[in-house]
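The paragraphs below walk through how two protein chains meet. Please keep the model open while reading.

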2 protein chains.
Amino acid sequence: MNRIRAIVFDLYGTLFDVHSVAAQAEAFFPGRGRELSLLWRQKQLEYTWLRSLMGRYASFEQVTDDALVFACNALGLPLDAARRQTLGDAYLQLRPFPEVPATLQSLNRQGLPLAILSNGSVRSIDQVVRHAGLLDRFAHLISVEAVGIFKPHDRAYELGEQHLGLPRSSILFVSSNAWDAAGAHGFGYRVCWVDRQGQAFDELGERPDHVVRGIDEIPPLLA
Amino acid sequence: MNRIRAIVFDLYGTLFDVHSVAAQAEAFFPGRGRELSLLWRQKQLEYTWLRSLMGRYASFEQVTDDALVFACNALGLPLDAARRQTLGDAYLQLRPFPEVPATLQSLNRQGLPLAILSNGSVRSIDQVVRHAGLLDRFAHLISVEAVGIFKPHDRAYELGEQHLGLPRSSILFVSSNAWDAAGAHGFGYRVCWVDRQGQAFDELGERPDHVVRGIDEIPPLLA
């Protein structure tokens, strides 16, 4: 794998576990936490795609809150203002996957600029990364907020190339979200799909260049 | 409800039951038919949205086949060429919901032009409607194929207005898909959401003008 001069990571689901909110959900709704967490995430993604297609961008925080309201309605779970606020805040305190901190440090030592390119707002990305103590690892925290449309639209992916000042073919884009990996590959990035759970890849006419089980398999790939 | 001069129906899930393929799926994969049918439909929708955002339109038949391949991979179900073909063909022979034939006849008697505006190709729409013996009911069968992007993009919704030669505010758009009802409302149609199962409406900043439990509740609304 030659010519890789920078790495751009997706945030939610790739570096940070979105289902780490399940514990808070479970505390509020015993026996339903996992179910709520899954539907909430599914709808959060759907709403980013649908709003992008409708030309009705709203912030990721708004979309996340909307998706939570829908998920609780659909599952018949009572969501009062306090629970809504607490669950929304849980999205700002996500846990990184276990191998993430040490791997980022290792990549820093290899001298490659690292960036995050996320659907989240600038404020959310900053808070999540700061809360995990990983702010120093990244040269750029990039939000699609700047273009007002979510991934997998090309205008979102272009932001990585622009911030890094490098051609897309020399950038490795890393995502656990198959649709995101497909979109980034269609755009022209080199793509590594992080498949932690042995899932099926989406059938969107694109395939990743590399598949790993965790981001700790990336440094050896670059060596 | 004054001023309604034509009705535009969504096809899949609104007039025709997409889960009527579950019986064929169940015959191939005993005990897994419903699960396959649900994931297949979910992915079919996702792929229409994702391909539209990626600027990579493919026909609805292609997307439907891709979604079937993904769903079988994800569920660990063996899909050979014959099963793949048979299941794809099942999508051309969907059953209309029970109240649909008589209601369309009733609306015809009221003298309103009826149209279908669907993500399906011209060929698929024609086959599905013809197979159910309902071709004579419609003045227009409209496919997003003409614009190469799926609903809920405005370019798809514009086709209804163009074919009918009427302003959007005088057209009633009918869909069971909450995201479609939201998109059509955002575009400017009058919207009736068909909620057969008492589901939660999507949180996309739009609400339908009317909610019914079946399309047989529409003629009284117009009287």
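Across the interface of chain B and chain A there are 4 salt bridges by the rule applied here. This is a predicted model, and the values that follow are computed from it. One salt bridge joins the side chains of A:Arg56 and B:Glu206, with 2.4 Å from N to O. Polar contacts can be listed across the interface of chain B and chain A too: 12 residue pairs, both members at pLDDT 80 or more.

Which helices of chain B each supply at least two residues of the side that touches chain A? They are helix H2 (33–54), helix H3 (60–75) and helix H8 (178–187). The largest share of that side comes from H2(B), with 10 residues. Sorted by class, the side of chain B that touches chain A holds 15 nonpolar, 7 polar and 9 charged residues.

As for extent, the contact takes 31 residues from chain B and 31 residues from chain A. Between them the two chains bury about 2,700 Å², and 64% of this lies on carbon and sulfur atoms. Within chain B, the residues that lose the most area to chain A are B:Leu53, B:Met54 and B:Glu203; together they make up 27% of what that side buries.

The last point is how the copies are arranged. The same surface serves both copies, since 100% of the contact residues of chain B recur in chain A.

Notes:
Residues numbered from 1 in each chain as written. Chains lettered and ligands numbered in written order. Predicted model: local features only at pLDDT ≥ 70, side-chain atom pairs only at ≥ 80, totals over all residues. Heavy atoms only, no water. Contact = heavy atoms within 4.5 Å. Buried area = accessible area lost by both parts, 1.4 Å probe. Polar contact = N/O pair within 3.5 Å; in protein donor to acceptor, adjacent residues only side chain to side chain. Helix = DSSP H or I, 4+ residues; strand = E, 2+ residues; numbered from the N terminus. Nonpolar A, V, L, I, M, F, W, Y, C, P; charged D, E, K, R; others polar.
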